Amino acid sequence: MENRLERIKKQLHAQSYKLTPQREATVMVLLEHEEDHLSAEDVYLLVKEKAPEIGLATVYRTLELLTELKVVDKINFGDGVSRFDLRKEGVNHSHHHLVCIECGAVDEIQEDLLSEVEKIVEKDFHFKVKDHRLTFHGICHRCHGQSAVKEEADPSLAGNI
Ligand SMILES: [Zn+2]
Ligand SMILES: [Zn+2]
Ligand SMILES: [Zn+2]
């Protein structure tokens, strides 16, 4: 996590921003809650534990800055709340989300399921795709009582022509 913080620091420096103690506390909270999808208020409450003097406005500004610098993605799952999601390093693709309408859980799919769709968009609409957002709304495996991962394909069915 230290190294990751250093690299984010360099990213800010490259754009002539300093990693002030308030910004650092905000980044640390995002790193510690990488799997979560925190709202600005969530981040604020967690940052306050590290830096009690910090104000909500400062946290907001820091999150906007980190969004602009593409350190985080600002996402909205349709409930009117902006959430902040740390971008995976070295990835130019925003991961996909599975939002459960029963329990509110948010799961992530890192693999890009849309590369073929992007090709169609580029070809048929002459639109140069840079990225896309994909959120599925439905019922998660926990609410379903099923296991998370799809069954491996039966190897006996493969390889036999
Ligand atoms: Zn996410
Ligand atoms: Zn659920
Ligand atoms: Zn994708």
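Student: In which loop is the place of H132?

Tutor: This is a predicted model in which local features need pLDDT of at least 70 and side-chain atom pairs count only at pLDDT 80 or more, while totals for chains, interfaces and linings use all residues. Residues are numbered from 1 along each chain as its sequence is written, and chains are lettered from A and ligands numbered from 1 in the order in which they are written. Helices (DSSP runs of H or I, at least four residues) and strands (runs of E, at least two) are numbered from the N terminus. On that basis, H132 lies in the loop between α5 and β6 (135–138).

Student: Is H132 buried or exposed, or does H132 fall in between?

Tutor: A residue is buried if 20 or more other C-beta atoms lie within 10 Å of its own, exposed if 12 or fewer, and partly exposed in between, with C-beta atoms placed from the backbone. H132 has 14 other C-beta atoms within 10 Å, and is therefore partly exposed.

Student: Which residues does H132 touch, not counting residues up to four places away in sequence?

Tutor: The UniProt annotation "binding site", from an unreviewed entry, covers H132. Such annotations use the numbering given here, have shortened feature names, and may be inferred rather than shown by experiment. A contact requires C-beta atoms, placed from the backbone, to lie within 7 Å. With residues up to four places away left out, H132 touches L114 and E118.

Student: What is the largest C-alpha distance among C100, C103, C140 and C143?

Tutor: UniProt, in an unreviewed entry, places the feature "binding site" at C100, C103, C140 and C143. These residues are spread over 44 residues of sequence yet cluster in space, the largest C-alpha distance being 8.4 Å.

Student: Which residues are in contact with C103, leaving aside its neighbours within four places in sequence?

Tutor: C103 belongs to the loop between β4 (96–100) and β5 (106–109). C103 counts as exposed because it has 10 C-beta neighbours inside 10 Å. Beyond four places in sequence, its contacts are C140, R142 and C143.

Student: Which residues are in contact with C143, again leaving aside its neighbours within four places in sequence?

Tutor: C143 is part of helix α6 (residues 141–144). Since 13 other C-beta atoms lie within 10 Å, C143 is partly exposed. With its sequence neighbours within four places set aside, C143 is in contact with C100, E102 and C103.

Student: What is the orientation of α3 and α4 to each other?

Tutor: Axes are lines fitted to C-alpha atoms, for helices over the stretch in contact, and angles run from 0 to 180 degrees between N-to-C directions. The axes of α3 (residues 40–50) and α4 (residues 56–68) come within 10 Å and cross at roughly 120°. Angles under 35 degrees count as roughly parallel, over 145 as roughly antiparallel, 65 to 115 as roughly perpendicular and the rest as oblique. The two helices, α3 and α4, are therefore oblique.

Student: How many residues buried in α5 are counted among its eleven residues?

Tutor: Helix α5 is hardly covered. Just after α5, H126 takes a positive phi of about 45°. Among the eleven residues of α5, the count of buried residues is zero.

Student: How far apart in space are D112 and D36, C-alpha to C-alpha?

Tutor: D112 is found in the loop between β5 and α5 (115–125). Because 18 other C-beta atoms lie within 10 Å, D112 is partly exposed. D112 and D36 are 76 residues apart in sequence, and their C-alpha separation in space is 20 Å.

Notes. Contact = placed C-beta atoms within 7 Å.
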